[in-house]
Amino acid sequence: MEIKKVGVVGCGLMGSGIVETAAKAGFPVVVREVSDELLKKGRSRIEVSLSRAVEKQKATPQDKEAALGRITGTTRLADLADCDLVIEAVIENMEEKKKLFKELDATAKPSALFASNTSSLPITDMAAVTKRAPNFVGLHFFNPVPVMKLVEVVKTVMTSEEAFRNVKAFAEKLGKTVVVAKDTPGFVVNLLLVPYLLDAVRAYENGVASREDIDNGMVLGCGHPMGPLTLLDFVGIDTTYYIAEIMFDEFKDDHYAAPPLMRRLVAAGFWGRKTGRGIYEYDEKGNKK
Ligand code: 3HC
């Protein structure tokens with residue numbers, strides 16, 4: 001079965017990036033959010049990003065308008081009934097995801113493929129609550145989705161070869177390079193990235209160096225585009241904290257234990273760039289102060 005129409009559930013940071021990327025690649029996309037207000041916010045994020053793509057000469061103004069024309073917003077899951085692939089990008093909470101997939105299973109067409117953009121929760125557990133486990137995969141994008149070239153496609157022990165091949169071909173049509181991963185916590189990238197980010201916080205907390213010098217060390221010494229503390233603010237300290245907790249629960253290894261400073265920042269609501277303060281402080285445009 002060829003994927004022709006795409007559904008996305010959630011139009012936050014990751015969801016809106018997935019919607020934009022699929023629409024830019026020519027797919028009609030239906031995106032569901034829980035309120036009109038969140039849909040409006042998601043759409044304006046997509047418009048800003050598409051305008052930036054035009055500025056950067058990665059797209060023409062016509063491409064931008066065509067992509068926007070392929071996007072339909074809705075607050076009803078039933079409106080995703082004729083989608084061939086539904087990608088979930090809601091909050092990283094297993095109970096929420098299971099509830100959503102049960103509802104989707106009842107409303108989506110029987111042949112539809114399901115994918116979760118989770119960064120660390122077990123795909124198998126979500127697939128198991130549906131009647132279509134062979135048609136269920138992980139499809140993990142990276143932030144910012146329109147820019148980052150990678151997608152992890154996650155195969156569970158129940159995923160059929162056909163579903164896997166279809167979803168992989170879809171990711172390639174988006175212009176992404178696919179890495180195939182097993183359903184283990186953090187897949188490939190976060191398994192390596194999360195302990196690195198936690199170690200950077202530990203280094204800062206222990207006074208090894210200033211936040212700027214820790215970041216400069218990795219930017220100038222290793223050629224990373226962002227230092228770890230800047231990247232942590234960019235990904236979200238809350239998001240990274242939740243991923244670390246999931247990995248710690250699974251592996252019971254101190255390597256994945258969130259350092260105390262990180263817990264305090266999460267509790268304080270200093271979640272990084274999106275809240276104006278994390279390890280660094282930011283202005284309304286998201287630039288470091
Ligand atoms: N649409 C399309 N292309 C765009 C674009 C847009 N809206 N905005 C920028 N671009 C292109 C630019 O044209 C440029 O392309 P080029 O290299 O061919 O010239 C490239 O993207 C970089 O853009 P800029 O030069 O404007 O931006 P910066 O140089 O400031 O880079 C960044 C910004 C891409 C975010 C870079 O700092 C970076 O790569 N940071 C690391 C991000 C990262 O590691 N993300 C993964 C996080 S982990 C994750 O998401 C997993 C989750 O589970 C936690």
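**The ligand site**

Modeller: A polar backbone atom of Ser-49 lies 2.9 Å from a nitrogen atom of the ligand. The model is predicted, and the distances here are computed from it. The ligand on its own has 1100 Å² of accessible area, and the protein covers 68% of that.

The shell around the ligand comes from several elements. Helix H2 (36–55), helix H7 (189–205) and helix H9 (228–235) are the elements that each give two or more residues to the shell. There are 20 residues around the ligand, and those that come nearest are Arg-52, Lys-56, Lys-58, His-140 and Asn-143. Sorted by class, the shell has 11 nonpolar residues, five polar ones and four charged ones.

The site is also a matter of domains. The domain assignment divides the protein into domain 1 (6–182) and domain 2 (190–275). Because both domain 1 and domain 2 give residues to the shell, the ligand lies between them. The C-alpha centres of the two domains are 26 Å apart. In direct contact are six residues of domain 1 and five residues of domain 2.

The size of an interface is often expressed as the accessible area lost when the parts come together. Between domain 1 and domain 2 the buried area is about 600 Å², and carbon and sulfur atoms give 63% of it. On the domain 1 side, Ser-119, Ser-120 and Asn-143 supply 54% of the area buried against domain 2, more than any other three residues.

Two backbone details complete the picture. Most residues other than glycine have a negative phi, and most peptide bonds are trans. The peptide bond from Asn-143 to Pro-144, however, is cis, with omega near 0°. Pro-144 belongs to the loop between strand E6 (136–141) and strand E7 (150–155). Gln-57 is not a glycine, yet its phi is positive, at about 60°. Gln-57 sits in the loop between H2 and helix H3 (61–69).

Technical notes
Residues are numbered from 1 along each chain as its sequence is written. This is a predicted model: local features need pLDDT of at least 70, side-chain atom pairs count only at pLDDT 80 or more; totals for chains, interfaces and linings use all residues. Side-chain values use heavy atoms; hydrogens and water are left out. A residue is near a molecule or strand if one of its heavy atoms lies within 4 Å of it. A polar contact is a pair of N or O atoms within 3.5 Å; within protein, one must be able to donate a hydrogen and the other to accept it, and residues adjacent in sequence count only if both atoms are side-chain atoms. Accessible areas come from the Shrake-Rupley method with a 1.4 Å probe; for residues, only the protein chains shown count as cover. Helices (H or I, at least four residues) and strands (E, at least two) are DSSP runs, numbered from the N terminus. Ala, Val, Leu, Ile, Met, Phe, Trp, Tyr, Cys and Pro count as nonpolar, Asp, Glu, Lys and Arg as charged, and the others, Gly among them, as polar. Domain bounds come from an automatic or database domain assignment. Contact means heavy atoms within 4.5 Å. Buried area is the accessible area (1.4 Å probe) that two parts lose on being put together, summed over both.
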